[in-house]
Amino acid sequence: MVQLRSASTASQEAREIPALDGAAPLIGHLRDFQRDPVAMLSRGQSQLGDLFRFRLGPRQFVLFSGPEAHDAFFSAPEDQLNAKSVYQFTVPIFGRGVAYDVAPQVMDEQLGFLYPALRDSAMQQFARIMFEETSQFADSLGEAGEIDLPAAMNELTVNIASRSLIGQEVRDQVDAGFADAYHDLQKGINTLGFFLPRLPTPAHRSRDRARKQVAEIFGRVMTARRRDGVRPDDFMQSLMDATYEDGRALSDDEITGILLTVLFAGQHTSAVLATWTGLELLRASSYLARVRDETRAVYGETGSMSLDGLKQQVTMEHAVRECERLHPPLILLIRKVLKPMRYADYVVPEGALAMVSPAVSHRLPHLFANPDRFNPDRFAPPAREDRQHHYTLIGFGGGKHRCMGKHFAEMQVKAIWTVLLDRFDLSLETDFPAPNYGSWVTGPEAPCRLRYRRRSQGRVFR
Ligand code: HEM
């Protein structure tokens with residue numbers, strides 16, 4: 001038992017948070033964590049329960065697992081569990097004056113401008129874009145061949161995101177510079193950048209050059225829109241029309257920064273979830289047959305695809321949710337502890353890093369029956385395993401930082417696989433891949449190749 005006198009929320013005795021064994025001198029659990037963070041954290045959870053601590057180098061981390069602990073994590077106020085201090089590496093990418101560079105209430109106001117652009121009427125238009133872009137992609141493939149699945153999903157989601165989240169004009173420039181600049185910006189997210197985001201390394205220099213290029217591309221589009229009086233229904237326009245509470249309009253650079261925030265939050269994560277969904281469906285042949293039957297039942301033999309149709313595709317939706325559970329693209333969500341935090345009999349000390357892990361929590365056997373098995377029916381009645389508690393599934397986060405693009409992302413993954421499964425017979429050419437924990441979004445290890453053959457009965461959805 002230890003007495004934690006500094007705890008503002010707890011004056012009585014608190015129990016010491018259990019510590020994971022096996023820490024090496026100086027580096028703590030760093031080696032195990034680098035090798036397989038999910039295996040290491042799952043071991044800690046099963047040995048020590050909902051709350052335990054471990055060390056990566058000098059930093060103390062505390063993992064919160066299970067719905068009650070998630071609830072405490074997501075409900076903690078910003079001045080206690082703080083996201084901004086953890087996401088400082090994004091500031092050179094998104095830019096000054098936006099997102100994690102500003103006070104949390106300003107960030108809330110900035111993201112709040114985008115909610116109208118995600119309402120159902122706008123989603124109708126986005127669903128059309130998702131189907132059109134996937135159809136064009138399908139048209140570009142020959143009768144039969146092989147594709148690198150993660151690369152294909154990346155290309156598709158960049159095209160969909162640039163057109164729907166940013167604007168048609170940016171989509172038109174994907175091949176003329178935007179994709180390269182975006183790629184260089186993405187390379188700015190690396191381990192060194194996490195700790196020292198301003199260090200003048202070659203990767204950081206190309207990141208800073210790319211940020212300027214993107215600002216120029218977006219700036220030209222905004223200037224042309226104002227000049228020509230064009231006002232499309234997209235995220236860029238919502239931001240151009242918005243004003244802060246004090247009546248000030250957003251600068252072009254702030255608009256660029258907010259659009260980059262959304263693009264970074266939503267594109268790669270969607271590409272990875274789409275990749276895992278394809279992989280799981282292709283090895284579950286009987287479930288795949290049910291997904292195809294559902295497509296026929298919803299759209300008939302010739303019907304055109306729509307948001308309403310997507311909403312009716314619950315068999316497909318359960319498969320996507322099952323992939324969110326088994327393969328959450330973001331395996332760790334982290335906050336800095338600014339004030340000691342009481343949880344059950346414990347006090348999480350100031351200065352530690354608190355985290356939840358969707359990848360660990362989604363396989364807790366007391367929440368999910370046979371947790372390593374792909375079984376989308378666990379979300380259908382009567383099981384409805386995700387309804388046991390508000391925070392059973394946390395692949396899209398929770399609380400005030402919960403994902404604003406969850407619905408968009410789910411629709412997108414559904415639309416992509418509805419079109420591709422309708423057009424092609426597909427099979428996995430390589431072994432089912434392991435997760436690659438070397439990247440900030442957890443996709444599959446290479447190689448991950450699909451063989452495709454055009455189906456004679458495949459329809460053309462436009
Ligand atoms: C499969 C795709 C996606 C996944 C797995 C995902 C996951 C998440 C998670 C876990 C968080 C919480 C982060 C935290 O608590 O630290 C988050 C936040 C966020 N997501 Fe998503 N996301 C996806 C797609 C999208 C899309 C398509 C958009 C935009 C339309 C988007 C926009 C955002 C934004 C802006 C935030 C920050 C919210 C805040 O901090 O207030 N995401 N996302």
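Helix axes are lines fitted to C-alpha atoms over the stretch in contact, and angles between N-to-C directions run from 0 to 180 degrees. Helices (H or I, at least four residues) and strands (E, at least two) are DSSP runs numbered from the N terminus. The model is predicted, with pLDDT of at least 70 needed for local features and 80 or more for side-chain atom pairs, whereas totals for chains, interfaces and linings use all residues. Residues are numbered from 1 along each chain as its sequence is written, and side-chain values use heavy atoms, with hydrogens and water left out.

Helix 11 (residues 202–228) packs against helix 13 at an angle of about 115°, and the two axes are 9 Å apart. The crossing is right-handed, a term for a near helix turned clockwise from the far one by less than a right angle. In this contact (heavy atoms within 4.5 Å), helix 11 contributes residues including Arg 211, Phe 218 and Arg 226, and helix 13 contributes residues including Asp 252, Asp 253 and Leu 260. The contact of helix 11 with helix 13 comprises seven nonpolar, three polar and four charged residues. Here Ala, Val, Leu, Ile, Met, Phe, Trp, Tyr, Cys and Pro count as nonpolar, Asp, Glu, Lys and Arg as charged, and the others, Gly among them, as polar.

Helix 13 also gives six residues to the shell around the ligand, the largest share. There are 25 residues around the ligand, of which Tyr 87, Gly 266, Arg 335, His 401 and Cys 403 come nearest; a residue is near if one of its heavy atoms lies within 4 Å. The shell divides into 15 nonpolar, seven polar and three charged residues. Polar contacts are pairs of N or O atoms within 3.5 Å. An N or O atom in the side chain of Tyr 87 is 2.5 Å from an oxygen atom of the ligand. For Arg 335, a polar side-chain atom lies 2.7 Å from a ligand oxygen atom, and for His 401 the corresponding distance to a ligand oxygen atom is 2.7 Å. Two or more shell residues come from each of helix 5 (104–112), helix 13 (252–283), strand 5 (333–337) and helix 18 (406–423).

The ligand iron atom has a single protein donor, Cys 403 (SG), at 2.3 Å. Donors are N, O and S atoms within 2.8 Å of the metal (3.2 Å for Na, K and Ca); water is not among the atoms, so sites may look incomplete. Cys 403 is in the loop between helix 17 (358–361) and helix 18. That loop also holds Pro 382, which is joined to Pro 381 by a cis peptide bond with omega of about 0°.

Terms used: Polar contact = N/O pair within 3.5 Å; in protein donor to acceptor, adjacent residues only side chain to side chain.
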